[in-house]
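Me: I would like to go through this model with you and ask, for each label, what value stands behind it. Please set the value against the cut-off each time.

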Amino acid sequence: MRIFLVRHGDADAEIPEGLGDEARALTAKARTNVAAHFAALSERMGPISLILTSPLVRTVQTAQILSNSVKHEGLLRVHRCLLPDMPVGAVEPVLKEYSDENLVLVGHQPSMGALAAHLLGMQSFPKPVNPGTVIAMEWPDTPTSTEDQVPGEKGENPPAQHLKFLFYAAPGQQVLDVIQ
């Protein structure tokens, strides 16, 4: 199982009249930039089973662009666990439910950086998670101990922490296979 954490692209700074922050859309420039960025990562990402996104407009738009850029023909679903104010642990039941899938989770900052740190067993993620950034990781083949498993049946689920880091890709920067 691979997990790709994606921060939404640059959103318009102005909140639409009569609506809240959740209605802010991607800028035209961001749509073009993230489409090219995601297309360049398509081979590296490989097949994707499911894309989950926060329900906010900018994340849904980013998820749709990613889906098109990587030629994903599978599911794209909105999930509340990716809302900006949700705790990192809210994602764990989703990871358990889709433990055999290659997942893309499209969300917000600081949530995506905090989730990456949590899943990799770090205090904090050492790189900036700018708009459009993709952080890739995968579950080890076998859990190192029962304490590292997602809550559930013993031996049934992948570990909740200490995932293997695959790459970090911020738009306009070189893809990093190692982070320090």
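Me: What makes D21 count as partly exposed?

Reply: This is a predicted model, and in it the relative accessibility of D21 is 31%. Buried means under 20% and exposed means over 50%, with partly exposed in between, so at 31% D21 counts as partly exposed.

Me: How do you know that D21 forms a salt bridge with R24?

Reply: The closest N and O atoms of D21 and R24 are 2.6 Å apart, and the cut-off for a side-chain nitrogen of Lys or Arg and a carboxyl oxygen of Asp or Glu is 4 Å, so the pair qualifies as a salt bridge. R24 has a relative accessible area of 17%, which is under 20% and therefore makes R24 buried.

Me: Which residue meets D21 in a salt bridge with an N to O distance of 2.9 Å?

Reply: That residue is R58, whose side chain meets the side chain of D21 at 2.9 Å, N to O, again within 4 Å. The pair links distant parts of the chain, with D21 in the loop between β1 and α1 and R58 in helix α2, 37 residues apart. R58 has 4% relative accessibility, so R58 counts as buried.

Me: Why can the pair of R44 and D177 be said to tie together parts that are apart in sequence?

Reply: R44 and D177 form a salt bridge in which the closest N and O atoms are 2.6 Å apart. R44 lies in helix α1 and D177 in the segment after β6, so their pairing ties together parts that are 133 residues apart in sequence. R44, at 35% relative accessibility, counts as partly exposed, and D177 is partly exposed as well, with a relative accessible area of 43%. A search of the whole structure finds 5 salt bridges, and R2, E138 and K164 are linked in a network of such bridges.

Me: Why is A117 called buried?

Reply: A117 has a relative accessible area of 3%, and because buried means under 20%, A117 is buried. A117 is found in helix α4 and touches M122, Q123, S124 and F125, not counting residues up to four places away in sequence.

Me: Which residues touch the most other members of the largest nonpolar core?

Reply: Of its 29 residues, I3, L5, L95, L105, F125, I135 and M137 touch the most other members. Several elements supply at least two residues each, including β1, β2, α3 and β6, while α4 gives the most, with 6 residues. I135 touches I3, F4, L5, A116, F125, V129, F165, F167 and Y168, leaving aside residues up to four places away in sequence. Apart from this core lies another, of 21 residues, among them V6, M45, V104 and L166. In soluble globular proteins, nonpolar side chains tend to be buried together.

Me: How do you know that strands β2 and β3 pair, and in which sense, parallel or antiparallel?

Reply: Strand β2 (residues 50-53) and strand β3 (residues 75-78) share 4 bridges, in the parallel sense, and at least two bridges are needed for a pair, so the two strands count as paired. The chain crosses from β2 through helix α2 (residues 57-69) to β3, and this β-α-β crossover is right-handed. Within the pairing, L50 stands opposite L75 in β3.

Me: What makes K71 and P110 worth a look in the backbone?

Reply: Most residues other than glycine have a negative phi, and most peptide bonds are trans. Phi of K71 is near 55 degrees, a positive value in a residue other than glycine. K71 is in the loop between α2 and β3, and at 69% relative accessibility, which is over 50%, K71 therefore counts as exposed. The peptide bond from Q109 to P110 is cis, with omega near 15 degrees, and P110 lies in the loop between β4 and α4.

Me: Where is the pLDDT below 50?

Reply: The pLDDT is below 50 over residues 144-161, a stretch that has 38 contacts in the model beyond near neighbours in sequence. The chain averages a pLDDT of 88, and 88% of the residues score at least 70.

How values were computed. Residues numbered from 1 in each chain as written. Predicted model: local features only at pLDDT ≥ 70, side-chain atom pairs only at ≥ 80, totals over all residues. Heavy atoms only, no water. Right-handed = clockwise from strand over helix to strand, strands pointing away. Core = buried A, V, L, I, M, F, W, Y, C linked by side-chain atoms within 4.5 Å. Buried < 20%, exposed > 50% of the residue type's maximum accessible area, 1.4 Å probe, protein only. Contact = heavy atoms within 4.5 Å. pLDDT = per-residue confidence, 0-100.
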